[in-house]
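Have a look at the structure first.

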Amino acid sequence: MKRNWIHPEEPQNAKRYWRSTAELERRESFLKNLGREFPAGDTLTPEEAENGRRDFLKIMGASVGLMGLASCRRPITTILPYTQHVEWMVPGKPVLFATTMPRCGGATPLVVTVHEGRPTHLSGNPLHPLGGGIDSFAQASVLDLYDPDRSQKPLGAGKAISWAKANELIAAAAADAKKSSGAGLGIVVGATTSPTYLRLLGEIKTAFPQAKLYGYEAVGGDAQAVNKEVLGAGVKPFVKFSKAMRILALDCDFLGVDPVAGEPIKEFTKHRAKETKAAENDMNRLYVLENRYTLTGGMADHRKAIPAALIPAAAALIAEQLGDASGKALAASAPQALKDWIAPAVRDLIDNKGTAVVLAGSRCSAEVHALVASINNALGAYGSAIDLLQEAPKPDMGDFAALQADVSGGQLKTLVSLTPASLFYDAPDAAAFAKLITEKGVKLVHVGSLLNSTALHAAVHIPAAHYLEAWGDVRAADGSYSIVQPMIAPLYDGASENDVLLALLGRKKLGPAEKPADGAAPAEDAGYTAVRDTFAQVAGGLDESKWNFTLRDGFLKGSAYARANASVNAAAAGTIVSKAKAGASPSDEAIEVVLVPSSGVYDGRYINNAWLQEAPDPITKLTWENAAWVGSATFKRLGLEDGQHIAIRANGVEIEIPAIEAPGHVSNSITIPLGYGQNNVGTVGGEKGVNGYVMRRLPGQFVISGAKVEVLGTVAELAITQTQNTMEGRAVYREGTLETFNKDTEFAQKTGMDSHIPENISFYKGQVGKKDTENPDGFDYETKHQWGMSIDLSKCIGCTACIVACQSENNIPVVGKNQVRKGRLMQWIRMDRYFAVAKTGINNVAQESTWAEDNPTPEQLENAEMVHQPLACQQCEAAPCETVCPVNATVHTDDGLNAMAYNRCIGTRYCANNCPYTARRFNWFDYNKRNPLVETEKLGIKANNLYFGPLGEKREDESIRLQRNPNVTVRMRGVMEKCTYCVQRLESAKILQKQVQRDSKNFRVPTDSVKTACQQSCPADAIVFGDLADAKSSVNIAKASPRNYQVLKYIGTRPRTSYLARLRNPNKNMPGAENIAVWSNNQY
Amino acid sequence: MGNFFPRWTNWLPLKVGIAVVFIALGVSIGVAYYFTPKYTRVGYEPTQPVPFSHKIHAGQLGLDCRICHSFGEASGHSNVPTNQTCFNCHGQGKGGIRAASPKLELVQKAHQTGQSIPWVKVHKAPDYVYFNHSAHVNRGVSCVSCHGKVNEMEVVRHDQPQSMGWCLDCHRNPEKNLRPLDHITNLNFKPSDLKRADFYKGLLDKKVPSGEIAEVIGGKGAKADDLDALVNLAEKTFGKEVTQKEVGTQLKKHWQIQPPENCTACHR
C-alpha cells in the first residue's frame, strides 16, 4: 500500500524549537547539510577521496584472493565445562550481585549482572535507601574494567618492573619511614567516605606518627572546609528533594556533573509531573543562576545566565534580603537586572519557608558556601528540607597548598598518591609541581588505573584494581554502610587503595596472590579481612548472618549517619564572607574563563572510556573532545564559526582550543570542560581535546577573570551530533506551563496537527481477550503481551545515562570521532536537545507572528530555554520500515515489537530511509571486529583501520569482548540495527514465566516485572515500560495521563512509545515569566 | 552457399536444451538435498576425548539425563557436566567406580590439573540463534525430540537436522512432540505406554473442564461428563492404544502451548 504522508506546512506563526543558532538563523552552513541522513560519500575527506577506486580495487582483489583460504569444513568447537562446580553458577543464567561504586564524596549503589563470572552490565540497587537510576559515569564504569589500555604492570620510573620489585620498593619506603617514625612520608588521598580506607589511614598515622596526609581531588571545592567552620566538624548537609518545593541553585549542576549529597534525583523529578490540575505549590520550582547551560539549568523554571564571577554577589544579595548583611559589599557589585531577578525569587523562597532550599555548586568559592549556609538557616531549611548529619570522624588532612609547601620545604621523601586525580596533569601549575617533585628528590608512588603522565613519571607506579575487582566499603551520601565486593579476580593483579595502605603497614603483598602449598587452603586476602574488621566495628560485632545479608543487599540496614546536633555559626560565616573580594563583571576586553568538570570524562579520570567519550555532551552535543563554549553574543562579536580555534590567554598561560557556539551562555564568558588533553593514556583517550587545567593557579580557582581571546584562522571539524538526524520540527516536543495545563489538561494532545486528525486506534486495543469468529482461538491476545513505553518529558533531565545503559546492554559498538562526524553514530537512543525562544528579534515579536523577520537578540539567545527528548525506535504498530524491507528482516511480532532479525538483514537501508523518526542505525563497518580508533598502513596507503575491511587490523583489545551481553547478537558490517525494547529481557521474562508455570496456564509476565535497560538506568524515573495488555501495568497508567502524546501522530504510524508533555512552573512575579514554556498550538 | 554446419547440428539446440533441463534438475535436487542440514549435520559423530558411553549410562544404567545435564530445566543452556559430576561416581574416595580404568585417565587428569576436558560440540546452533532448553523441557518437549535416542548411542551423533525449517515444523504443529512432563527425560517413551484413564485424570485434576477435553477428542459438540465417559470417547476416536495425536492435542490445548513463530523468539 502506498502511503501518502501529508506533512503540515511549515507554520509561519509558531514557537520555534531549534538545535543550533545556525538553524534558527537559517545560516548557509546549516541548510547545506539539512536532509542528509547518511551523508556518507558526501563527506569524504580529501585524503579519502584520493584513495579512490584504484585503491579500493587493490584491496578488494587481495581480499577475494584470501577468501579461498577459508576452509569449507565444519570447524570443530569444544565445550569446556568447569572442573569444579562454581557456587550459584548456572551456565547461561546471569547472577546478580549487589555492590557499590565509590565516588568522590559518596557512593552509587549498584546491582551487577554477571555472566559466567564476567560483569557485563550495571544497574541501580533498588533496595538501597539511595538506590534508583544511575548516572552515565557509573553506567559506563564497567567498560573501564575491560579497558585494554589499563595499567597492567607496575612501573619503575616509567619502565615495567616485576611485582616482586614493586613490593620490595614499597617495603623499603615503609622501612625507611619507620626509622624516622614516619617523617618524610606523605599520602595524598581523594575524597573518600570508605570506613576501611579511613581506618587504615588512621592506622598509618599510628604506625608512622610523623607521616602526613593530604586530601586532593582535581575538581574539589571549599565546601567541606566551610561546613567544618560554619556547621561544625563532621557535619554534612543532606538535601531532601522529596521535601524541597522551592530550590535555588547557584552554579550547582546537581542534576548533572555536580551532584549534592542528598536524596536521589527521582525524588526531585517526582514533584515535576502532574496528571491532574494542580496548585502552583504542589509542583516544585527550580531557580538557577549559572554562566553556561547545565542539565540543571535546562530543568529550571527560571534561569538566568550570569557571569560566574557574580555568583558570590548573587549569594550575598539573597542573604541580604533574608537579613544577613555580612555580604553587603559583595552584593553592591551586582547589576540591576540581577537584583530584579533575585528579589521576586527570594520572595517566593520566603513564602515557602521550611520547604525552600538554596544550593551552591561544589566549585563555588568559600564565601558562597558560607552565605548559603546562612541563607538556608534563615529559610528554616535545616531540619526540614536539609538534614544535618554527623559523619564519622576522619583523620586530619592537609590540602594541596600544604602538600606544595611540604614538598618545596624538603620535608617529604616519599609521597604515595592514592587519589584518582593525576597530580602531574590536573594539579595547579602541574608542570612546576612535577619539576619540584624531581628537584626535591621526592619518591612518588602512584596508584592508578590509567597510564597517565603521573603514572609514567612516578618513581613507582602500581596498577590500581577496578572497584569490581577488589574488596572495599564506602558510606553512601546518607551514611549507609555499603559494601564493595569483587565480581571478578583482578584482571591485571591490580591493587586497591586499601591494599596499598596494607602493604605500607606490612600486612599484604601486592600483585598476584601467592599459590598456597599443596592442599593448604589459600590464605585469606588481607583486603577482605580489613573490610570484615571494619564491618564488625560498624555493625557492632562480626555476625556472619548480618555480614551475609549485607553482601546480599549491598548495604547494612540502619547504618545511616545520625542527625547532628548542629547550628549555623553566623560569626564564622561572617568572617569567611568578609574576606571575600567582589568579583567584576567580565567585559569585551577582560573575558572570564570558567573551568567545569565535563559530562564525558568528569575531571579526566574517565578519559579512556569510549562509551563516555562517544556519548554526546548533553548541552553542546560534542563527542570525543572538549571545546570552549562561547555565548552566542560573544561568538558573533568575535566572528567565529563552530570549531574555529581561539587562543585564550589568562594567568600567564595561553591555550589554543576550538570554540563552539553555546546558546544560553552568558556573554564574555568562556566555559572549558576539564579532563581532556591527556596524552599517552591509550587509544581511546589519548590526544583528545585540550587541557584546561593549565589555566588555574590555585586548587579552587575555577573562575579566571581578565582573559584575552584571540581568534585563530584554523577550523577544526568537531564531531557534533546535534545537526544529524533532524526531525524537521513538527511539534515533536511539547511543553507548557502549569497554568496552561490547569486551563486545559489536554493541551499536548491538541498541539500541531493533532487537533485535526482522527484518533489513532491501536491494532491491539480491544482485541485483548475478545473471542469471535475472526479470532476463534480467543486466547491469542489474552496470553500475548503488548509492550509499550512512555517517556515523561517533565521528568527527563537529559543526562545520557540511558544511552550508555543501552550501549552496555545491547552490545552497541563505538565508532570513533571520524565516523561520528559522518553521522554514523550507533547509539540506539538519541538525546535530542532543542533550544527555544518565545520572542525573537529586536522588536521582541511574540511567537504568533511571522518568524523569518529578524534574528534573535543576544539577550534572547542568552535566555533561550533548553529541552531534551530521548528518542529511540518508537515501535510503530504500522511501521513504515517493515513494508520496505525486501527480505523480511524487520517484521512485527505479535507482542507489538518491531523486530530485527539481524542475520537476515542484507543492508539495503530502505528501512532507515523510510523511518520518519530516523531511529535506525547502520553498521557501515565491522565496528565490533575492527578497531575504529586506530590508523593502519597497508599497501602504502594510510587510512583509518575501518577502511581496510578484511585486511584491517582486528581488535587487539580482546578484553572488551568480555563485556558483551551473551544474549544479544554482535552485529557485523552491513546490518541495520535499532532499539527493540530490550527484546532479550522480554523473552527471558516470558521463558521464566513458562519455567515457573510449566503445565499451568498463567503466562503473563508479572506486572511491571520486566524493565528495559534505559528504564532501569534512568535516575529521574522518566521512562516507564510495560505490558499494555495488562490493565494494572504502570505504563497504562502513564499513558492515561492527559499529557500523553505521540510524536508525528498525524502520519499514522501508531507508535508504541509515547511522550508526556513537559510542564514548567514559572513564578508570575519573575521578570520574563510570560515567555517561559509558552505553549503554542503551532510549533516550528 | 555451402552448408557451413553439418547435419548433426540440426538437433543440437534440442539436445542442449534437454541436457540443460536435466543438469538444472540434477543441480537443484543435489542442492536441495546435499546443502541442507539434513545431509550436512545429521550423522555427525565426532570422537570425544573421553570415551564416555551414553548407552551404558543413560541406557543400561538408566540414569536420568538431568543427573549430568543438571540445568536444562532452569537455564537456556543444558550444561555439560563439570568434572566433579563424573567424580561423584568415579572418583577415588567417592564412588570409586572403575576409578583406575584407563578410559577415565583424562577425567583423573582434569581433576588434578583443573584443566577442563575439551568435549567436542555435536549440536551447534548458530550464534544468532538463542535456543532455550528450559522453555522446551518445561513445556512437554522431550530431549528425544531434538537429540534422538541418546540412550542407545555409544557415541553421541547428530540425530535431527535442527535446521530452521525443522524448528518451525514443530513450532507450527507442536502436538507431534508433546508429552506429559514426567516423561520428558524418558527417551523410550511411547504414547501407548500411557494409561488413558491416568492421563485424563491428570488433566481433570488440573481443573480442566471435562467438556473441553471431550471437544478436543471428538471435535465440536462432543460431550463427556466424567472420566469414564472421556475414556470411552477417546477409545472410540483413537482406538485401544493412546496415540501421540491424542496426547499432543490435549496438552497443546490445555497447557496453552503456542510456540512463537516471531523472529524474536529465536533471533535477538
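In this predicted model, helix H27 of chain A holds these buried residues: A:Ala801, A:Cys802, A:Ile803, A:Val804, A:Ala805, A:Cys806, A:Gln807, A:Ser808 and A:Glu809. Buried here means that 20 or more other C-beta atoms, placed from the backbone, lie within 10 Å of a residue's own. That's nine of the nine residues of H27(A), so the helix is largely enclosed by the rest of the structure. After H27(A) comes A:Asn811, with a positive phi near 55°. Helices (H or I, at least four residues) and strands (E, at least two) are DSSP runs, numbered from the N terminus.

Now for the chain contact. Chain A puts in 37 residues and chain B 40, where two residues count as in contact if their C-beta atoms, placed from the backbone, lie within 7 Å. These elements of chain A give two or more residues to the side that touches chain B:

| Element | Residues |
|---|---|
| strand E2(A) | 78-79 |
| helix H26(A) | 779-783 |
| helix H32(A) | 983-997 |

H32(A) gives the most, with six residues. E2(A) also pairs with strand E1 of chain B (residues 119-120), antiparallel over two bridges; pairing takes at least two DSSP bridges. There, A:Ile79 stands opposite B:Trp119.

Some housekeeping: residues are numbered from 1 along each chain as its sequence is written, and chains are lettered from A and ligands numbered from 1 in the order written. Local features need pLDDT of at least 70, side-chain atom pairs count only at 80 or more, and totals for chains, interfaces and linings use all residues.

Terms used:
A residue is buried if 20 or more other C-beta atoms lie within 10 Å of its own, exposed if 12 or fewer, and partly exposed in between; C-beta atoms are placed from the backbone.
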